[in-house]
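Student: Please give me a close look at one part of this structure, the annotated positions, and then follow with the local geometry elsewhere in the chain. I would like each term to come with its cut-offs.

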Amino acid sequence: MLMLRLGVVRGGRGLLELQRVSHLHRSAHTAPNLEYKPIKKVLVANRGEIAIRVFRACTELGIRTVAVYSEQDKGQMHRQKADEAYLIGKGLLPVAAYLHIPDIIKVAKANNVDAIHPGYGFLSERSDFAQACMDADVRFIGPTPEVVRKMGDKVEARTIAIQAGVPVVPGTDAPIDSMKDAQEFAKTYGFPIIFKAAYGGGGRGMRVVRQFEELEENYQRAYSEALSAFGNGALFVEKFIEKPRHIEVQILGDKYGNVIHLYERDCSIQRRHQKVVEIAPAAHLDPHLRDRLTSDSVNLAKKVGYENAGTVEFLVDKSGKHYFIEVNSRLQVEHTVTEEITDVDLVHAQLRVCEGRSLTELGLKQDNIRINGYAIQCRVTTEDPARGFQPDTGRLEVFRSGEGMGIRLDSASAFPGAVISPHYDSLLVKVIASGKDLPTAAAKMNRALAEFRVRGVKTNIPFLQNVMNTDQFLYSTVDTQFIDENPDLFNLKPVQNRAQKLLHYLGHVMVNGPTTPIPVKAKPSSIDPVVPMVPLGEPPVGFRDVLLKEGPEGFARAVRAHKGLLLMDTTFRDAHQSLLATRVRTHDLKKIAPFVAHNFSNLYSLENWGGATFDVAMRFLWECPWRRLQELRALLPNVPFQMLLRGANAVGYTNYPDNAVFKFCEVAKENGMDIFRVFDSLNYMPNMLLGMEAAGAAGGVVEAAISYTGDVSDPMRQKYSLEYYLKLADELVKAGTHILAIKDMAGLLKPEASRQLIGALRDRFPEMPIHVHTHDTAGAGVAAMLACAEAGADVVDVAVDSMAGMTSQPSMGAVVACTMGTELKTGISLERVFDYSEYWEVTRGLYAPFDCTATMKSGNADVYENEIPGGQYTNLHFQAHSMGLGNKFKEVKKAYTEANKLLGDLIKVTPSSKIVGDLAQFMVQNSLTRAQVEEQAEELSFPLSVVEFLQGHIGIPYGGFPEPFRSKVLKSLPRLEGRPGASLPPMDFEALEKQLKQMLGDEVSPEDLMSAAMYPKVFQEFKEFTSNFGPVDCLNTRLFLDGPKIAEEFEVEIERGKILHIKALALGDLTKAGQREVFFELNGQLRSVLVKDTQAMKEMHFHPKALKDVRGQVGTPMPGKVVEMKVKEGQQVEKGQPLCVLSAMKMETVVNSPISGTVAKIYANTDSSLELDDLILEIKE
């Protein structure tokens, strides 16, 4: 078989064979007045991948190549792939440069170019360009100017088709002149109709109109797009055929009147009338229909004397009738799939036909053209399917392509560092897969797409993968509505992009410093902790095994029956909350967790969740608190977990609807939580009962905790007397608590008070397990806990030695040592405690910027006077130093005491302790005494927390609100009666889930739902952070806080078996855009990221961004230029009303108003170039 071969070598035959065939046939050719004229130099009047495709074909045929490029394309690859390259269109707009015929002809003439290949798009279907080439004595690689004119004029092409007996769609006979013509056509044929550019294709200037109200807007948009893309805005109108297949036939003609077809392609998978996926041949196509399509195509081409490559396009309706659409008198984007199934190099053929060779000389006879298998082309574009395929622009930080058997790639500037411009088409690379049948080709395509790694811009790869996996695509037929009718195609698998996001994070820290607020100027230690040896195998049986087997009641009985003292370890939560501002990361907890599981299996529980750790994890550590719980549960299967539940406040600082508290406990239990220590900051029983019910309903162990204050051993302080605590305990036991707890959050329990309180509780409730929690601020914690144990407590709280003392819990080692050899022995090895402590001693050094010892060198017994809770004591100390009041901390503590008295002597624990602290700082800052505050209460502007407390927002304090202080402060403000949350309507979780899906763009887990319910703003910021930087919990703590040093090498395990080898190389200078380029080596490859220098940007002016949570701020949905502003400041607008028109990558998008209101301010003008999310205007409702 005589046939042009693809590439240079295919089965050992190639260019030499072509030359042999041409010599055999040239002498036999008898056509008059034609001669063979070899082409020595070709200029490609185009850019990107098609320019490179032609250059490669020329090189294979020994032809020299010339590129032209615009000012914006100086860095593009096509100019580097040519033998010569010349600038055109200097000073012109980006697209206009490639439409500037005089410059192109000038370059061709000045550099002895024999022929010009137009590629596709731009000037490829402009007859005046073809004529200009001929006039300059430069060959045009395509049809004659007259044929280009006839085929480019869609109306004349229709007329010729009718004359050739080819069926056509009803449409106008000539380009329409006005809107009136369009209206008349619509009245005659009805809707839907479609506008089409008269002088170009590719979906530009194409708009479907389904109703009269849309007619004018779509006419204007189609005209504008056509004018921009083809230099002529002329349109014609056709009746729009619903749900057709889009089938096109590849034709090839020579100068001697010979025309052949190379079978058809199915281009039905489209969006915005632009092809996304192309297949050759068309699957499940009736052979008789194929014959009619190919025959009509050849006849039409012969009718006009067509030469060179071209495509005849048809619509095929549901009944199998076909209608001519147009002829594309050029090479098509999708020519590749035809080459793969026919083994014909179309660009080679174009060049040889232009030289004067016949199809017969080239071995291209119709009988020799055969279909071999299937080929699929996917256009990988820099578009975001999740945002309506909006073009994305930016810098390619990473580019790695899919390759292998059966894969062909046609690309241009797809390489790391390439800049994707908004000025041109969004095509990044064409991926062509070949196989024996369609499923085989699709499998290869799927594999290749999965191998791609494109970072820095969004791509449509996840969408294309979904197409490849759709049964309709693989085993049935598709039509032009395929994308619209398959919404599951938009269930996109998120691109993880973990490595590059981590580099962004590290670069951000290197440029801008830590992402979490740093209380003191101290650097994390450079020494990493060493984890003690952990034995192989499963950890020993622990109390959690009892809980899982016996349930909460059986667990409580086992605790009470246990001989010896049980310990709860607070190292994983309250200890670091008190000493290290709650900043300990999951990374460091996970490392030591297996050691704890194997060596401390007889712990009553491990406190590791709830309280402040929940919001701090998201707010400052950029971690998911639920993931912490899940991962620790997997590593510690044998020790019960305990969390702090703030009664009706769950893990927040405000009131939540009852169903939110119940749902929270349910999800926490499902994720591995066991014991819920339920408390209320005022010991307000209605709030506590709600929390207890929620924890019990979830199946958890209910541990009702009485918050302790005062001193039961002091007969002079009797507001919170022994009787007060016993009555509270009576109510909690009646309510069904499994465990009774005393929560001494300030460390006020003295040994004598411990004996009295715990002794009385043990006498009153002999079968009830008792658990005591305290802080060691005064230094008497160990003595107090031993006294509690001797009085009958079953469990006391401790922290490992290096994380104990001061505002934390008493020392584990001290309690273990002091009870050795007694009936209270803990059964814990002191040697293992030392190992455990050594790990945390080194780990604590990593958190030096948060360590309370930076400002506080010891505990202080004055806590018995001021009653400041442990964690708050640390925070107030930090705050006082940061505000320059370090030398006045004594005054702050005194003010705290006075503020407490002003508010009626409260139980002080979050959030009531914060209220007292806010009032104390208010007094210090304003130099107010208690008497002055009382006297001026009606005139002062108190902190909001104080006002809301007096209104009743957190409940009713024991003894009632302080009067007349409350009335003076509140004046006419409303007061809440009873339990604050009781009046709140149930939380609408369905509505919240819908809102989160819109925000996150993916499935919403129950855990995400609860995080958003508890802390909506914090959760949103956390998700935005992870979207930009990914999960950063795989970084060690020093890198997380301080970033790497230049030339430092380190490893990061992003998942089991996947380790990144990273080296920090250099930090670039500040750019005009306020950015610095940070260079890394990742797995041996150079990577770089651009990081905004936040400090430098404060001194530079940049366009403001639209805030996503402000309804009236309208931002750009994609980068682009404003081509039309449709509103003015002060104008009233309705929801959905067009505000402006943006143009990007030759596609125009109308930005509509999200709300009704008044245009308050406009931030952009016509011709403004905007980036993604730049603020366009503000609307006031």
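Tutor: What follows goes through the annotated positions, then a sheet, a helix pair and some backbone details.

The model is a predicted one, in which local features need pLDDT of at least 70 and side-chain atom pairs count only at pLDDT 80 or more, while totals for chains, interfaces and linings use all residues. Residues are numbered from 1 along each chain as its sequence is written, and side-chain values rest on heavy atoms, with hydrogens and water left out.

Aspartate 574 belongs to helix α19, residues 574–579, where helices (H or I, at least four residues) and strands (E, at least two) are DSSP runs numbered from the N terminus. With a relative accessible area of 4%, aspartate 574 is buried; that word means under 20% relative accessible area, exposed means over 50%, and partly exposed lies in between, for a 1.4 Å probe and protein chains only. Beyond the residues up to four places away in sequence, aspartate 574 touches Glu607, His773, His775 and Gln809, a contact being heavy atoms within 4.5 Å.

Histidine 773 sits in strand β31, residues 770–773, and is likewise buried, at 1% relative accessibility. Leaving aside neighbours within four places in sequence, the contacts of histidine 773 include Asp574, Lys743 and Gln809. The side chains of histidine 773 and aspartate 574 are joined by a polar contact of 3.1 Å, that is, a pair of N or O atoms within 3.5 Å of which, within protein, one must be able to donate a hydrogen and the other to accept it, with residues adjacent in sequence counting only if both atoms are side-chain atoms.

UniProt also gives the "binding site" annotation, again from an unreviewed entry, to Lys154, Glu238 and His273. Lysine 154 is in helix α8, residues 154–163, and at 1% relative accessibility counts as buried; apart from neighbours within four places in sequence, lysine 154 is in contact with Ala197, Ala198, Tyr199, Gly200, Phe236 and Glu326. Glutamate 238 lies in strand β10, residues 235–239, and is buried at 2%. With the neighbours within four places in sequence left out, the contacts of glutamate 238 include Arg158, Val169, Phe185, Lys196 and Ile325.

Elsewhere, an open sheet of 5 strands runs in the order β5-β4-β3-β6-β7 with parallel pairing, and its edge strands, β5 (84–87) and β7 (139–140), each pair on one side only. Two strands pair if DSSP finds at least two bridges between them; β6, residues 115–117, and β7 pair in the parallel sense over 2 bridges, and isoleucine 116 has phenylalanine 140 of β7 as its bridge partner.

Helices α21 (residues 612–619) and α22 (residues 625–635) have axes that come within 8 Å and cross at roughly 110°, where axes are lines fitted to C-alpha atoms, for helices over the stretch in contact, and angles run from 0 to 180 degrees between N-to-C directions. The two helices α21 and α22 are therefore roughly perpendicular, since angles of 65 to 115 degrees count as such, under 35 as roughly parallel, over 145 as roughly antiparallel and the rest as oblique. Thr613, Phe614, Ala617 and Met618 of α21 make the contact with Pro625, Trp626 and Arg628 of α22.

In the loop between α21 and α22 lies tryptophan 622, a residue other than glycine with a positive phi near 55°, and tryptophan 622 is buried at 13%. Glutamate 867, with a positive phi of about 60°, is in the loop between α30 (863–866) and α31 (870–882) and is buried at 3%. Most residues other than glycine have a negative phi, and most peptide bonds are trans. The bond from alanine 280 to proline 281, however, is cis, with omega near -10°, and proline 281 is in the loop between β13 (274–280) and α11 (287–304). A cis peptide bond with omega of about 5° also joins glutamate 963 and proline 964, the latter in the loop between α35 (944–951) and α36 (965–970).

How values were computed:
UniProt positions renumbered as here; feature names shortened; annotations may be inferred.
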